[in-house]
Amino acid sequence: MYAKELILITGTKETRKTLVEQLTEVIGDFVHIHDFSLQESIPHVFTDKLIILSSSAIVEEAAPYIGEGCKVVVAKRTVNFQNIDKLLFLPDNTRVLYVNDAPETVYESVETLLQLGINHIDYIPFYPGKKHVPDIEIAITPGEVSLVPAVVKEVVNIGPRLIDLITVITILQHLNLLEKKGDIVSEKYIRKIIDLSKKLSHTTRQSDQLNKHLKQVLDGVNDGILAVTPSGIITVFNENLIAMLGLNTTKTVGRHLSDVFRNHELVSFVLNDSEEESRWFTLFQADVIVHRFHVSTEESIVATFKNAHETIELEKSFRRELIRKGYIAKYTFQDIRGNSERVVKTKEIASKIAKTNLTVLIEGESGTGKELYASAIHNASLRESGPFLAVNFSALPDDLVESELFGYEEGAFTGAKKGGKIGLFEQANGGTIFLDEIGDTSLKLQARLLRVLQEKELMRIGGNKIIPIDVRVIAATNKNLIRMIEQGTFREDLYHRLKILYIHLPELRNRKEDIPALIEHFLMQSGRSSIAIMPGVMEHLLRYQWYGNVRELKNTIDYMLAVCNGQVITVDDIPSESFFQRKSPEQQAVHEPALLDPGTQAPAASPLEIPSDQEEHRFMLEAIHLANQQGVSIGRKTLSEKSGLWKKPLTEQQIRRRLDILEQQAYIVTNRGRGGIKLTRSGLDYLRALEGTT
């Protein structure tokens with residue numbers, strides 16, 4: 001009898017990491033796993049241990065490390081389904097190299113993919129030692145990236161193959177843990193089905209109740225389930241299997257397997273104790289993959305039937321629909337550029353946060369990449385295959401946000417669509433919703449958001465039905481929410497509900513060592529990677545403090561690419577000082593040198609200038625000042641109407657954004673209700689300064 005531990009030996013370091021992660025997730029709570037790879041060397045010879053070898057290809061090489069008393073299990077491997085979606089979007093008939101470490105592993109993997117219905121790709125086998133390298137641009141590999149030929153332009157790494165379910169069950173059998181820990185297997189209902197079937201043979205008084213319970217369990221299984229005795233008598237045959245095979249009878253339990261299936265190969269496969277544990281069959285005109293294993297403690301043989309074509313097509317359809325709606329996260333952590341200590345630490349924290357289902361609050365200045373991090377967190381989470389919806393509160397009017405988020409019933413308000421509308425929270429079910437600029441929400445909306453976070457349920461506008469939801473919330477803001485709480489404009493209870501997990505994104509001025517790499521990335525994005533940047537330009541860019549952060553840096557690079565002559569960017573191509581963003585009120589306390597105009601010795605801008613069109617600010621401040629003098633209340637709507645008589649009409653949303661800038665500079669104060677907008681003393685000084693420049 002083995003101790004509750006095992007030795008995992010793999011060929012490569014990457015395979016070791018993948019398989020130990022898989023085994024730890026499945027059986028790590030009750031089995032201690034020691035993991036080694038031949039690539040990294042093995043310290044000593046093992047004796048009296050349960051040894052799991054990652055494949056038959058390493059049996060000979062691992063033999064010197066396996067001593068007396070050891071029991072060896074050679075793992076069966078299957079495709080890493082966590083990354084299989086990477087293949088679904090390749091166009092039909094795409095020619096790809098399938099790269100692995102040996103001919104047998106290549107052909108075995110390709111056969112598995114074809115059996116699963118991923119047959120829209122033309123696989124070209126490739127492995128070390130193969131002389132001819134076809135001229136193919138895309139390669140697929142299960143973790144063996146280093147073996148991909150240099151001529152390949154795009155590599156799709158689906159990750160090392162995983163240990164299959166049957167091997168896991170074999171491990172549990174050797175450790176005498178199958179009976180207690182059998183629920184770790186994906187077919188978690190199988191154990192219940194067998195237990196219930198045995199009870200049916202021992203009692204008649206409770207048979208009706210047990211049959212009802214058994215039916216409920218069977219109905220909850222998507223796959224076909226079959227259980228037979230060693231002699232071939234059927235004890236379990238669920239309705240999904242009947243429907244899958246198109247059988248015209250429900251009288252299967254108690255009959256011999258060969259009476260129901262006329263396919264002698266299937267009967268032999270299920271009943272015989274062969275090494276092969278799964279096989280493709282065509283039964284009653286249905287293509288199915290049958291997985292079989294023995295449950296020795298129950299003296300039963302269990303087989304699961306999967307309709308591979310249907311599963312793959314559903315996944316394809318689901319992913320296509322998400323893409324059509326734009327409900328996908330576009331970025332991963334690999335898209336976040338920078339090697340500074342701050343960025344590396346932030347990505348490390350975000351990666352750990354991604355593995356949970358808890359709510360996240362991301363704080364950072366404008367342009368630091370809050371949506372980029374939110375997208376990466378979703379793609380690294382357990383919800384990666386679900387929808388990802390992003391909502392920017394600063395871009396939506398207050399009266400529209402609520403109906404968009406929570407949906408509405410027919411007739412809920414004037415203009416409501418017939419049949420009502422599903423809200424974004426419902427559409428994000430099973431995935432993630434990203435609430436950007438959460439600090440711009442009204443107190444009324446904050447109350448509704450709080451209920452969703454607390455209760456995991458919502459009610460549509462005009463509805464009377466509670467709708468449960470399963471959505472992870474990631475919120476982001478560039479505002480000081482603590483200050484807003486003190487001012488009474490943000491709910492403290494909502495703040496704490498959002499800030500269960502927290503990330504602060506570093507400002508670009510505090511990680512300037514990343515600027516050269518970011519510039520190189522932007523040049524590559526624009527297709528101008530060959531362009532040269534003069535040393536003086538880089539000195540100027542490194543000296544500037546980048547209050548607009550990475551977004552401002554990208555805009556600056558785009559500007560210089562547009563105005564430069566030839567293939568060289570010089571100091572003369574740097575935009576003038578008015579192009580750049582100034583300090584926000586939160587940044588005023590820190591004195592930082594401004595970027596100088598080329599050839600000057602002092603900043604070109606007046607300290608009163610702010611990053612916006614001065615004519616628009618002058619128009620709004622004059623209108624506010626006049627209304628204040630007349631004792632008339634003025635707000636966004638009035639300013640928008642007055643702009644129609646001015647030379648440049650502005651929407652209420654445009655007015656709102658410009659008022660936010662003026663309020664951040666303390667030039668105006670926005671009062672609730674009829675108080676309207678008031679001009680401050682600083683605002684009056686600024687208005688006079690603007691008037692003096694024209």
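1. Basis of the note. The model is predicted, so that local features need pLDDT of at least 70 and side-chain atom pairs count only at pLDDT 80 or more, while totals for chains, interfaces and linings use all residues. Residues are numbered from 1 along each chain as its sequence is written, and side-chain values use heavy atoms, with hydrogens and water left out.

2. Overall make-up. The protein has 26 helices and 28 strands, where helices (H or I, at least four residues) and strands (E, at least two) are DSSP runs numbered from the N terminus. Of its 694 residues, 46% count as buried, a term that stands for under 20% relative accessible area, with exposed over 50% and partly exposed in between (1.4 Å probe, protein chains only). The protein exposes about 35300 Å², of which carbon and sulfur atoms supply 49%; accessible areas come from the Shrake-Rupley method with a 1.4 Å probe, and for residues only the protein chains shown count as cover. Among contacts (heavy atoms within 4.5 Å) between residues at least 6 apart in sequence, 64% join residues at least 24 apart.

3. The nonpolar cores. A nonpolar core is here a set of buried Ala, Val, Leu, Ile, Met, Phe, Trp, Tyr and Cys residues joined through side-chain atoms within 4.5 Å. The largest one has 31 residues, and those with the most contacts inside it are Leu405, Phe425, Ile433, Leu435 and Leu449. Elements that give two or more residues to this core include strand 17 (388-392), helix 15 (398-406), strand 20 (432-436) and helix 17 (443-455), and helix 17 supplies the largest share, 5 residues. Apart from this core lies another, of 28 residues, among them Leu6, Leu50, Ile166 and Val295.

4. Leucine 449 and its surroundings. Leaving aside neighbours within four places in sequence, leucine 449 is in contact with Phe393, Leu405, Phe406, Phe425, Leu435, Ile438 and Leu494. Phenylalanine 406 also has the charged end of arginine 448 over its ring, 4.2 Å from the ring centre; the rule asks for NZ of Lys or CZ of Arg within 6 Å of the ring centre and within 35 degrees of the ring normal.

5. Aromatic pairs. Rings of Phe, Tyr and Trp (its six-membered ring) pair if their centres lie within 6.5 Å, and planes under 30 degrees apart count as stacked, over 60 as edge-to-face and the rest as tilted. By this rule the count comes to 12 aromatic pairs. Phenylalanine 261 and phenylalanine 305 are stacked, at 6.2 Å centre to centre and 10° between the planes. Phenylalanine 261 lies in the loop between helix 10 (257-260) and helix 11 (264-271) and phenylalanine 305 in strand 15 (residues 300-306), so the pair ties together parts that are 44 residues apart in sequence.

6. One aromatic cluster is formed by Tyr544, Trp546, Tyr547, Tyr559, Phe579 and Phe580. Arginine 509, placed in the loop between strand 24 (501-504) and helix 20 (515-525), is buried, with a relative accessible area of 12%. The C-alpha atoms of arginine 509 and tryptophan 546 are separated by 5.9 Å, although these residues are 37 apart along the chain.

7. Helix 23. Buried residues of helix 23 include Phe619, Met620, Leu621 and Ile624, and just after this helix glycine 631 takes a positive phi of about 70°.
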